[in-house]
Amino acid sequence: MFATPIRTAFACAALLLPAAAPAQSPMRVVIPAEAGTAWDRAGRALGAGLLSVKAATRVEYANRGGAGGTQALAGFLQSSKDDPDAIFLAGQDLVIAAELDATAPRLQDAAPLARLAVSHFAVFVPAGSPHRTMGDLAR
């Protein structure tokens, strides 16, 4: 249902990259989740967008799940310091995980390029729960 709009959004985001010759080495997209997840599909859509606008001639993907994405962030910060063709995909879950874990790497050690989507958090209760509002839950 959302696949086409998401692919379109990533292709449009890739168009915003500065016009330059495509990278001769492969673009490396680090995805802070396991293969087959929504984050994996988003990362691969970003790579497809980079290829479609010829910002890259090849794209490699590195899936690194665990610890809310902080393990992938730590690896990215360490291995990509001098790699201008490395991209890290992150979302609110990683922002929260990094803020809640004092030992996690800091997002401030990476440079954000673009906000591609805004996600929302929701709190759910079982359908039969007596709680119908956050006020009910807080009491």
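Me: What makes both faces of E1 count as covered?

Reply: Met27, Val29 and Ile31 on one side are buried, and so are Arg28 and Val30 on the other. Buried means under 20% relative accessible area, with exposed over 50% and partly exposed in between (1.4 Å probe, protein chains only). By that cut-off, 5 of the 5 residues of E1 are buried. In a regular strand the side chains alternate between the two faces of the sheet.

Me: What kind of model is this, and which pLDDT limits apply?

Reply: The model is predicted; local features need pLDDT of at least 70, side-chain atom pairs count only at pLDDT 80 or more, and totals for chains, interfaces and linings use all residues. Residues are numbered from 1 along each chain as its sequence is written, and side-chain values use heavy atoms, with hydrogens and water left out.

Me: Why is Arg28 called buried?

Reply: Its relative accessibility is 15%. The limit is under 20%, so Arg28 counts as buried. Arg28 is found in strand E1. Leaving aside neighbours within four places in sequence, Arg28 is in contact (heavy atoms within 4.5 Å) with residues including Glu60, Asp83 and Asp85.

Me: What makes E1 and E3 a pair?

Reply: Two strands pair if DSSP finds at least two bridges between them. E1 and E3 are joined by 3 bridges and run parallel.

Me: Why are E2 and E3 called edge strands?

Reply: The open sheet of 3 strands has the order E2-E1-E3. E2 (59–63) and E3 each have a single partner strand, so one side of each is left without a neighbour in the sheet. The twist averages 20° from one strand to the next.

Me: What makes the unit of E1, H2 and E2 right-handed?

Reply: View it with the strands pointing away from you. A crossover is right-handed if the path from the first strand over the helix to the second then runs clockwise. E1, H2 and E2 make a right-handed β-α-β unit. H2 lies across E1, E2 and E3, running at about 165° to E2. For that angle, axes are lines fitted to C-alpha atoms, for helices over the stretch in contact, and angles run from 0 to 180 degrees between N-to-C directions.

Me: What is the largest nonpolar core, and what makes it one?

Reply: A nonpolar core is a set of buried Ala, Val, Leu, Ile, Met, Phe, Trp, Tyr and Cys residues joined through side-chain atoms within 4.5 Å. The largest has 11 residues, among them Met27, Val29, Leu46 and Ile87. E1 and helix H2 (38–52) each supply at least two residues of this core. A second, separate core of 9 residues includes Val30, Ala72, Leu73 and Leu94. In soluble globular proteins, nonpolar side chains tend to be buried together.

Me: Why does Ile87 count as buried?

Reply: Its relative accessibility is 16%, under the 20% limit, so Ile87 counts as buried. Ile87 is found in strand E3. Leaving aside neighbours within four places in sequence, its contacts include Met27, Leu50 and Phe76.

Me: How do you know that the buried residues of H3 are on the same side?

Reply: In H3 (residues 70–79), Thr70, Ala72, Leu73, Phe76 and Leu77 are buried. They cover an arc of only 155° around the axis, which puts them on the same side of H3. The arc is that of the directions from the helix axis to the C-beta atoms. These buried residues pack against E1, strand E3 (86–88) and helix H4 (92–100).

How values were computed
Helix = DSSP H or I, 4+ residues; strand = E, 2+ residues; numbered from the N terminus.
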